[in-house]
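Please keep the sequence and the structure in view while reading.

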Amino acid sequence: MRVKGILLAGGSGTRLFPITKGVSKQLLPIYDKPMVYYPLSTLMGAGIQDILIITTPQDQENFKRLLGDGSCLGINLTYAVQAEPKGIAQAFTIAEECGFADKDTPLALILGDNIFHCAGFFDLLRDCVLKTCGEFYDEEYATVFGYWVTDPERYGVAEIDNDGMCLSIEEKPENPKSNYAVVGLYFYPRGVTEMVKSITPSKRGELEITALNQLYLDDGKLSVEVLPRGCAWFDCGLFDSMLDASNYVATVEKRQGLQIACLEEIAFNNEWIDDEQVVSSTEDMRKNSYGQYIYDMVKNNSNQTLYL
């Protein structure tokens, strides 16, 4: 059973006006790459090759011009429109309506403004894929990710038992039961497109992701993967968080000489493309540091397993 991925890059981006009046937030730069590269690299790092990118109607052509059909990366990209933001969980409804997924499709969902970086992250994601599909586990589980924060009252918060199962999940609680914020990355087993149909829209008229997670929690099938100490997570919905993420990426890349979210490198390490495909797909980027990095990677055949 093959897990497919959804990258939700819709929304109006009002918190970043006036910048996002003319361009999608997810196409803005985070240091040396468009923001969308980072969540896309997360799905690719999990070994997911079939990916649906959900955009606003006016921005879709820009995403297609940037990423194409994904063939140069050894992946299959499909595009769909979110006409107006009706909640994160609406992504599953859209995926079914456009024919990308059905009731038998396990799905991973990542928000287009979420950036992750830490050692061993891709290994963790691949374990989640196995858990989602029921491989090496007795049952299929939904998985959310917990990230320790000092101000949990600003987030959806997960309470976790000693076995990594979710005990409760609350949206922006006044008295949080833990410090683990639920980040914008989710794995769901087959049946999620049917499960979402039982959600009642909130007072905002949206299909809330917390309501979907609650259904899995009620069934005892919601697990929480705790992101390790030292892991970086950025929710790039504000000017300051975008600046923080850009400074972080710049610092790591300059110190180590290794790229974060280099899509061609991930595809190459996953053996989805060969060295000739890598070189040809980046021919027009040879004059900048990103293109030169990829060219040197192939030239030196330095098949890194650091990915991010």
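## Methionine 242

Methionine 242 has a relative accessibility of 11% and therefore counts as buried; buried means under 20% relative accessible area, exposed means over 50%, and partly exposed lies in between, with a 1.4 Å probe and protein chains only. Methionine 242 belongs to helix α7. Helices (H or I, at least four residues) and strands (E, at least two) are DSSP runs, numbered from the N terminus.

The C-alpha atoms of methionine 242 and isoleucine 30 are 6.7 Å apart, although 212 residues separate the two along the chain. Leaving aside residues up to four places away in sequence, methionine 242 touches Leu16, Leu28, Pro29, Ile30, Met35 and Cys236, where contact means heavy atoms within 4.5 Å.

## Basis of the model

The model is predicted: local features need pLDDT of at least 70 and side-chain atom pairs count only at pLDDT 80 or more, while totals for chains, interfaces and linings use all residues. Residues are numbered from 1 along each chain as its sequence is written, and side-chain values use heavy atoms, with hydrogens and water left out.

## Overall form

The protein chain contains 10 helices and 13 strands. Its C-alpha atoms fill a box of roughly 50 × 45 × 40 Å, taken along the principal axes. The radius of gyration of the protein chain is 19 Å, which agrees with the value near 19 Å for a compact globule of 308 residues; this radius is taken over C-alpha atoms, and the globule rule is 2.2 Å times the number of residues to the power 0.38.

Of the 308 residues, 55% count as buried. Among contacts between residues at least 6 apart in sequence, 74% join residues at least 24 apart.

## Nonpolar cores

In soluble globular proteins, nonpolar side chains tend to be buried together. A nonpolar core is a set of buried Ala, Val, Leu, Ile, Met, Phe, Trp, Tyr and Cys residues joined through side-chain atoms within 4.5 Å. The largest nonpolar core has 70 residues, of which Met44 and Phe187 touch the most other members. Helix α4 (residues 121-133) gives the most to this core, contributing seven residues. Apart from this core lies another, of 33 residues, which includes Leu52, Ala101, Val192 and Val196.

Which residues does methionine 44 touch? Not counting residues up to four places away in sequence, they are Ile51, Leu73, Ile75, Arg126, Leu263, Ile266, Ala267, Asn270 and Trp272.

Helix α1 (residues 37-45) is largely enclosed by the rest of the structure, because nine of its nine residues are buried. Among them are Tyr37, Pro39, Leu43 and Met44. Glycine 47, which follows α1, has a positive phi near 90°.

Phenylalanine 122 is located in helix α4. With 4% relative accessibility, phenylalanine 122 counts as buried. Its C-alpha atom and that of cysteine 231, 109 residues away along the chain, are separated by 12 Å.

## The largest pocket

The largest pocket holds about 1,500 Å³ of space. On a 1 Å grid over the protein atoms alone, a pocket is an open set of points where a 1.4 Å probe fits, with protein on both sides within 12 Å along at least five of seven lines, and lining residues have an atom within 4 Å of a point. Grid points are joined across faces, edges and corners, and the volume is the space filled by probe spheres set on the points.

Of the 46 lining residues, Arg15, Ile88, Leu111, Asp113 and Asp235 are the closest to the centre of the pocket. Elements that give two or more residues to the lining include β1 (4-9), β11 (180-188) and α7 (239-256). The lining divides into 19 nonpolar, 16 polar and 11 charged residues; Ala, Val, Leu, Ile, Met, Phe, Trp, Tyr, Cys and Pro count as nonpolar, Asp, Glu, Lys and Arg as charged, and the others, Gly among them, as polar.

Glutamate 159 is part of strand β9 and, at 24% relative accessibility, counts as partly exposed. The C-alpha atoms of glutamate 159 and serine 178 are 5.6 Å apart.

Tyrosine 31, in the loop between β2 (29-30) and β3 (33-34), has a positive phi of about 55° although it is not a glycine. Lysine 172 lies in the loop between β10 and β11, and its phi is likewise positive, near 45°. Tyrosine 31 is partly exposed, with a relative accessible area of 38%, whereas lysine 172 is exposed, at 54%.
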